[in-house]
Amino acid sequence: MAACFFRRSIASQLSKVLDLPPENLIKFISAVPVSKKRHVADFQLSIASVTEDSSTDCLAQDLHLQARKLAERLKCDAVVREISAGPGTVNFTINRELLAKTVLQQVLKDGSQYGVKSELFSTVPRQKAVIEFSSPNIAKKFHVGHLRSTIVGNFIANLKVALGHEVIRINYLGDWGMQFGLLGVGFQHFGNKEKLKSSPLQHLFEVYVQINKAAEDENTKKLAKDFFRKLEEHDEQTLSLWKQFRDFSIEEYSRIYKRLGVHFDEYSGESFYREKSQEILKTLEDKGLLQKTIKGTGIVDLSEKKDLSSFSTVMRSDGTSLYITRDLAAAIDRMNKHSCDTIIYVTDKSQSNHFQHLFQILKLMGYDWAERCQHVSFGLVQGMKTRRGEVIFLEDVLNEVRSRMLQNMASAKTTKEVEDPMETAEKVGLAALIIQDFRGLLSSDYQFSWDRALQSRGDTGVFLQYTHARLHSLEQMHGNEQLTDVNVACLQEPDAISVLQHLLRYDEVLYRSSQDLQPKHIVSYLLTLSHLAAVAHKTLPVKGSAPELAQARLCLFQAARLVLASGMKLLGITPVTQM
């Protein structure tokens, strides 16, 4: 990594003056964010991070003084051309020719691996992670929360894979429980085999709605109970019907996930753990963790003082398991099967309590790996409606975003004849959905707006796609030749330097996202990159410039496009080359 080379070089100089090993200093030297208003240095060291006296009462002016003193003791060299003190920081400006050479060589050499190979990740152990995400309920609405879970889980999986971790993607379907008793009875009354085959999700949902209206009736309730009991007892006829519901639904889900560019290694579901959850209850009992209430339900005491101030219900009074019991069985089964380092659950924040309980019970059962499991929660999305009204199926959202995007493309004067407008509209529309979702903290609720998401200017996915397509066509126009032996030292204009400085920061941004699993760091990085590239595109023409300069600028734009493309792919966006 270019940034690694510079950080290391600065650290080795600092280590002589501060008498600290360079390894300890590297992590405190960070690339400076580009500022529109003024020219900034390339790297800075925060004084507070290296002073012995890092107590909070160390005054700002003391830090400033220390920064000035340290800056005076350092010398410029072949790498660093300028050293200055800021408020509590020492700032380093890299030799401009070296900056251009090192960054561009590195980006063009590493391609999609740029940033990922950084030594910032050298101390991070490679892990094996199971990520459970999306997880819709068969026959119920695939609501917007499932869409969030799908794209967030996909992002986390992409990021981990890019950083060399091993990932198993699991879709844990809601495919068991009392509602399947109702659904079974409903299908016997209102079902249609043909419709089940051609559009299972739609048909099962309609059947479910119809039978729910009749569910007040005592007789229907009894039939539903009987149907589910037969399922639990492995009655062949009811099981074969249930299996059809499940298989046809998975087939349709897979097709829709493909449109989203998402895949799963495993479709599992609550049904897998209906028997294993009985074993869990027995284990809890053997370990003396299971207590019975007066009503006969089974609970696990989670309180510190063992006074039941906090507990979790794991068994119904009739001895059947609950959602959490099945989740316990699933976690233990995954650990045994995949021997992974962690399980990451991606669901909305209303389930935070559930996962807290889950991890606590696992620990009480003696599974220390529970500490390494994680719930990545997200907020709610308000206001996402399609033209037909409330979102019921994920497919409606995808069709809606595609048709709105097609409309926008058709009315835009600049749209060239795109080879496959449907596919382009789908990819650009998806980028719009993902960026609108990923701009803030995942835990925040946000108000969805089609108009805002699909604007072509401003901080949107459409703008990222547009920038990528423009940079791509710039390369096409200029022969797309392999850029070797280009003298990039002539890239000295402020707008070129800004792009280079921004490219320097990419590994730090990836590192931040890998630490807190928030996509917003990458999103804001890519939006800034696109703005900087757009400005440079205006002020640094390739066409009509002297050959050497044209080549160097082409190199700069190609590097920007490569980093933009790999960042977009991490977020789950497929970059388009024309729009």
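Predicted model: local features only at pLDDT ≥ 70, side-chain atom pairs only at ≥ 80, totals over all residues.
Strands are DSSP runs of E with at least two residues, helices are runs of H or I with at least four, and both are numbered from the N terminus. Two strands pair if DSSP finds at least two bridges between them.

Residues are numbered from 1 along each chain as its sequence is written, and side-chain values use heavy atoms, with hydrogens and water left out.

Next, select strand 9 (residues 298–301), which is joined to strand 8 by three bridges in the antiparallel sense. Here Ile299 of strand 9 stands opposite Gln291.

Axes are lines fitted to C-alpha atoms, for helices over the stretch in contact (heavy atoms within 4.5 Å), and angles run from 0 to 180 degrees between N-to-C directions.

Move to helix 6 (residues 179–190). Its twelve residues should span 16 Å at 1.5 Å a residue, and the end C-alpha atoms are 16 Å apart, which agrees. The expected span is 1.5 Å times one less than the number of residues. Nine of the twelve residues are buried, meaning under 20% relative accessible area with a 1.4 Å probe and protein chains only, where exposed is over 50% and partly exposed lies in between. Among them are Phe180, Leu183 and Phe187. To see what covers them, display helix 7 (193–198), helix 8 (200–214), helix 9 (218–232) and helix 10 (236–260), against which the buried residues pack.

Now colour the aromatic residues. The whole structure holds 21 aromatic pairs. Rings of Phe, Tyr and Trp (its six-membered ring) pair if their centres lie within 6.5 Å; planes under 30 degrees apart count as stacked, over 60 as edge-to-face and the rest as tilted. Phe448 and Trp450 form an edge-to-face pair, because their ring centres are 4.9 Å apart and their planes at 85°. Both Phe448 and Trp450 are buried. Select also Phe133, Tyr253, Tyr257, Phe264 and Tyr267, a cluster linked by ring pairs.

Finish at Trp176, where the charged end of Arg274 sits over the ring, 4.4 Å from its centre. A charge sits over a ring if NZ of Lys or CZ of Arg is within 6 Å of the ring centre and within 35 degrees of the ring normal.
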